[in-house]
Each structure stands twice: as structure tokens, then as C-alpha cells.
Amino acid sequence: MSAWATEDLANALPAANEATSTAPTRTPQEHGWAEKQNYNYAVYNKSNKEIADQRAASKQTALGGDTDHVAIRESASELPDSQLAGDAVGGLQPGDWSSNAAVYEWQEEFGDVGPRFPELEQQLFGSEFHVKMGLDFKNIAEISVYQEGVVRIQPVLSFAEAGLHPVMLDNIKLAGYRVPTPIQAYTMPAVHQGYDLVACAQTGSGKTAAFLIPILSKLMGKAKKLAAPRPNPATFIPGVSQAVRAEPLLLIVCPTRELATQIFDETRRFCYRTMLRPCCIYGGSPIPEQLNQLAKGCDVLIATPGRLCDFIDRPHILSLNRLRYMVIDEADEMVGADWDQELKKIMSGGDQNTSQIKYLMFSATFNKAARDLANHHLAMDHCKIRVGRAGSTHKNIKQDIVWVESSQKKKALIDLLMSLPPARTMIFVNSKRGCDEVDDYLFNLNMPCTSIHSDRTQREREDSIRSFRTARCPILIATPVAARGLDIANVVHVINYDLPSNSHGGIEEYMHRIGRTGRIGNHGLATSFYNERDSDLGEMLVKTLLETNQEIPDFLTDLIPEGFVPGQGDVSTLKFEMDSDDEAEAGGDTSADAAGGGAWGATTGATGGGDAWGANTGATGGDAWGATSGGGWGA
Ligand SMILES: Nc1ncnc2c1ncn2[C@@H]1O[C@H](COP(=O)(O)OP(=O)(O)OP(=O)(O)O)[C@@H](O)[C@H]1O
């Protein structure tokens, strides 16, 4: 695929309606799109048992090699009928379960810090598929940070001054992070000082590392004392060796399987060269595979709620009695998706005493239910940190709204894809049927597409994400199952083939979807097909566009708030309604809402506490590395 800039893409965008009128005259491959990939029956039509048997056989072969320190991976590429070279990500091949990805396996004799293993290091950090910081990191770093509640945190300006464990500093360097993002600048000291935390920041602004870095760093200094005993990974044979009960120190709960495996990947990186052993459990993949991983010991557990509760009910397999930290990621989705009972059970630590647990909640949007959950479960003095308005987006995503009648959507889609330079593109639809239909349509036109929705088998789900990540299939059609959290390099175009209606996520869902592009300082384009069926979203959509000075198409100008002049109006006067209930409840200064544009619980420093963090730091890409770590780790 050709290299191109987002500006090229934006300039190439057809004007409204024009997209429906041009028929493709060339094949996708003549236009520069990759060849389409056929469904892989060799992998998907096998039962789990068949694959497990073949893996057992291939493992016998693998055991002959040097597998001392790195977990033995069970790769479909070793299966005799697999012809799938070239689609590996982080050592995993199509057909592999993400929960079996290699982790650093600690040996007692390592002392305090484990040695480096170049092959594993390459898998964890060297992948070309990781998102790299883009040139316009400044647009993220300059967003004002607000603190609410009784505690005020002094942000750090660099990783070096955050009091991190030296191994964590090394791992941050290996990951290529030079300066903390605003949310990280606040969460690092907050965790270091032992506070519970609610954090809200834009999509793609590094929230995962904002909890992983400080928590894992703290645990690194204490792991020997706190962690449960575990077997020697080099000699462990599942089903034969003595299994241990998993007793994690950190539990991370998130709403989707894809997000869980992605957080697992990030955790594997930051646990490198330490005794902290991460594991990942999620629905849809075979329980025995995950049990085998837990049986080797688990200090950091990443989980989706259903599978987690299933395991909590088996206390000989999993116990939360050692738990020190619990993170609820995508907190507002967790409270909104019928997981009330599960969340209650999880947040109360199974049957354990929760007094030793620090709770952290993260999301890019925070609804009232999530805030209520925080107020109920978190310590009274928990920190509330918010980067910009809760639910806002940033300038690095160019948002285009195009009028397309429902009957013309398919044609508009192919015209759009054929009118722009080929680029990794996510297409969101609202239903599973719609997802299959659009996938079939594009596939039959020889587009290199894949798709994901909740009725697909877990193996299909993992492989479609993997082939999108590697750009074997640079077009991914998805239902909202993939709207949140997915962090895939070079996704430069998000298309809302259907817009989310207000009764199905509304503007918050829109914001999460478009946030799959324009991550961590990179630019991206979000094109949305709009017609009269989407009018319930129109008003909020227009305010969202105005907030980052996007162009308002003619058919939406009526919805511009009275008196507001696009490009000139004060965006802080735009009234976003979604959080207003909290202001009334807090009994506070609702003028803060006007100033903060729908801030959550707007009583405190929402105006006065605003802190333009990025303005005075190395946020513009300056190298903020320092020589010392500040020495506060492991205390
Ligand atoms: N300080 C940093 N410097 C460079 N890259 C970073 C930094 N922090 C995080 N990243 C990278 O930025 C990308 C986006 O981070 P992450 O997925 O945590 O975003 P997020 O805020 O959780 O987004 P979302 O709300 O969509 O889930 C990741 O690839 C991550 O590795």
C-alpha cells in the first residue's frame, strides 16, 4: 500500500453526495488495495480437540529446542496443514489463542532483575505493528487537565521523576515512550501516593499505560514478598506438574475479549524481566488452555467479567486474597452492559476482605452510573482526574459527515474506498447481519476485508483482528464490539457506515468508534454516513464537531446552537447534556459546567483546577529522559 498523509486522504474525500455518483472503473488491486484473503477452512473447521491434539504433538517437537526461559508457544504454524506464514503478531499465528502468547518466565536464580532474552524482547517491543507516537502529540498534550474531589495531585513532567522501578524505566524506554501523556503525568504520582482513582481522558491518549506503569512499578519492588509461590516454568508440564492456585496482585477487568488480549499484550511488555507473571482469561476460548496458564502462577490477571466470575467460583483455581490493585477499564461500558451482578461480585473481591485493594477506574467517557459506582466502591478521598471534557475527542481526528441515503450506502462505501488512497480502514455497522452483508459485498468486489462481531467464534474473532493488525486484510468491518479500546497501528480511516443511534450508545459510542484512528499524536479521518434516520444524533454530533472546529455540512447547519459562530464561537459555551445530573446532585456551581462543557460532577476545580499540563513540559516531543529513577519504588 502506498504511503500517504491524512491530509491527502481528506483532500481526496468526495464532497457530500458525490460519493454515490462515481462507479469504480478499476479493480481494487489496480487501485492499490492488497489481494483479498479467503476464509481459512484448515484452521477454522477444526474442533478445539483436534487442534489441541495436534498442538500436543507439535509441542513434543518444540520441547526438543531451547525453551528454558520463554514460554513454549503453541503455534498453528506448526500444524501440518497450516499454510499461514506471514501473519504472525508477537509470535502468534492464526489459530493461536492470544492468552497463550509468550510471557517472561521468571527463574528463582535470576536474583532481582532477570536477564534479557533477545527473541522475546523482539516479540514484545520490536513489532512493527505497535502504534508509534505521531507528530501531533502536542494536540493531546495541551488539553487542560481537571482535578476534582479533595485530593490534588502534582503531575510529573517525565517518567524519570515519577519514582518508577529501574526495570520499568527500561521497559518504558524499550516501548519507545519518551514523555508521559497528560493522564499518565497525573496517575503515576496518584498511584505512587496510594490513592484510589477515577480517570477520564480521550481515546488513544495512553490510559492503559497510565494504570499499568505505576501499578506494575510498585509491584516490582514488592513482588518477592507478595507473590504466591509458583512452579518452575522451564519444567512445568500442564496436567502432569503440580498446578498452583492463581492469586493475582493486580486484576484488570474490561468489557471485551479483544480489549482483554490487547491489555495482556501491553502488560507482557511492562512485566519484561520481572517475576510478575501476567495471564489473560476471557470467554469463547477453551477453559483448559487458560487453566494451564493460571496453573503456572499469575500475578497480573486481565479478564472479561463473565469468565472471571466463572473462575472466582472455583476457589481452588483462582483466589483474590492477595489482590492489591483492581482496575476497571472502560468503566462506563462495564456498568451499562448488564454486568451489574458480576461487577458487584468482582469489586467486592470475591469473598475477600477488600480493605487492602486500591481501586482504579478508567474510560474516555464517564456516565452517571460509572460515577455512582466509583462513589460507592472507591475510598472517600479518591482522585478524580479528567483530561478535557469527559467524552470529548481531539483535533487530530478529522471528522467528515456525508449525506447518504440508506439505499445508497453500499455504493457510497465502495466509491469512498476506491476514491481514496488504500489505507487501513475500520467500517462500523450497527448489526451483526449488516456486518455480514457489508463484508460479503466488499469481498465479492475483491476488497481485502475481514469482519468481526459477537456471533463469530472466538478463533475467528482473534484471527480477524490479527489479520487486520498485520494489514493482510486492511479493511475491518465491525459491530460496536470493536468500538472501544482497540489500538491498532496505522488505522487512518474510520467509516461509520451506520451511525449509532441515541438508544444504542449515541454520541459516546460515536466518540469511541472514531477514536480507533488518530491515536497518540497521529492523524486520522472519520467519515460518517448520515441521513434522516440519524437525526436523533444530529444535535450532539454538531456540538462535537464544533468543539474541535470541524466543518459542519450544509444539512446540519440548522443544528448549530443559536448565536454560535463556527470557528469563532467559544466552545466552552457549548452545552453537553450527558453529565448534567451529577452537577445537580453535587449541589455545586453549575456555572462550572458551562465553563467546562459538561464536565463530570462539576463543583470543584473544574474551572480553577484546569491545568494546561502540556504547555510547560517536554510534551512537544522533547526527550524528557533523566538519569535517575527517583528511588521511590517498592517502598
Ligand atoms: N507516553 C507514551 N508515549 C508514546 N506512546 C504511548 C505513550 N503512552 C501510551 N502510548 C501508546 O499509545 C497508544 C494508545 O494508548 P491506549 O491504547 O492506552 O489509549 P487509550 O487512552 O486507552 O485509548 P482508548 O480510550 O481508545 O482505549 C498505545 O499504542 C500505547 O502503547
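A word on terms. Strands pair if DSSP finds at least two bridges between them. Strands (E, at least two residues) and helices (H or I, at least four) are DSSP runs, numbered from the N terminus.

Before going on, a caution: this is a predicted model, where local features need pLDDT of at least 70, side-chain atom pairs count only at pLDDT 80 or more, and totals for chains, interfaces and linings use all residues. Residues are numbered from 1 along each chain as its sequence is written.

Now the sheet around that pair. It is open, with 8 strands in the order β1-β8-β2-β7-β6-β3-β5-β4, and its pairing is mixed. At the edges stand β1 (145-148) and β4 (278-281); each has a single partner strand, so one side of each is left without a neighbour in the sheet. From one strand to the next, the twist averages 15°.

What lies across β3, β4 and β5 (300-303)? Helix α13 (residues 305-312) does, running at about 105° to β4. Axes here are lines fitted to C-alpha atoms, for helices over the stretch in contact, and angles run from 0 to 180 degrees between N-to-C directions. Contact means that two residues have C-beta atoms, placed from the backbone, within 7 Å.

Next, a helix pair. α7 (residues 166-174) and α9 (residues 207-220) pack at about 145°, with their axes 8 Å apart. From α7 come Val167, Met168 and Ile172; they meet Ile213, Leu216, Ser217 and Met220 in α9. By class, that contact has 6 nonpolar residues, 1 polar and no charged. Ala, Val, Leu, Ile, Met, Phe, Trp, Tyr, Cys and Pro count as nonpolar, Asp, Glu, Lys and Arg as charged, and the others, Gly among them, as polar.

Step back to the whole chain. It is divided into domain 1 (98-387) and domain 2 (397-570). Those bounds come from an automatic or database domain assignment. The two centres, taken over C-alpha atoms, are 29 Å apart. Where the domains touch, 26 residues of domain 1 are in contact with 23 residues of domain 2. On the domain 1 side, helix α11 (residues 257-270) gives the most, with 4 residues. That side has 10 nonpolar, 11 polar and 5 charged residues.

On to strand β12 (residues 475-478). Ile475 and Ile477 point one way, Leu476 and Ala478 the other, and all are buried. Buried means 20 or more other C-beta atoms within 10 Å of a residue's own; exposed means 12 or fewer; partly exposed is in between, with C-beta atoms placed from the backbone. In general, side chains of a regular strand alternate between the two faces of the sheet.

β12 has parallel partners. Strand β10 (residues 424-428) joins it through 4 bridges, and Phe428 stands opposite Ala478. Strand β11 (residues 449-452) also pairs with β12 over 4 bridges, with Thr450 opposite Leu476.

Last, two residues with positive phi that are not glycines. Asn446, at about 70°, is in the loop between α18 (432-444) and β11. Ile520, at about 45°, lies in the loop between α20 (506-514) and β14 (524-530). Is Ile520 buried or exposed? Ile520 counts as buried, with 20 C-beta neighbours inside 10 Å. Asn446 is partly exposed, with 13 other C-beta atoms within 10 Å.
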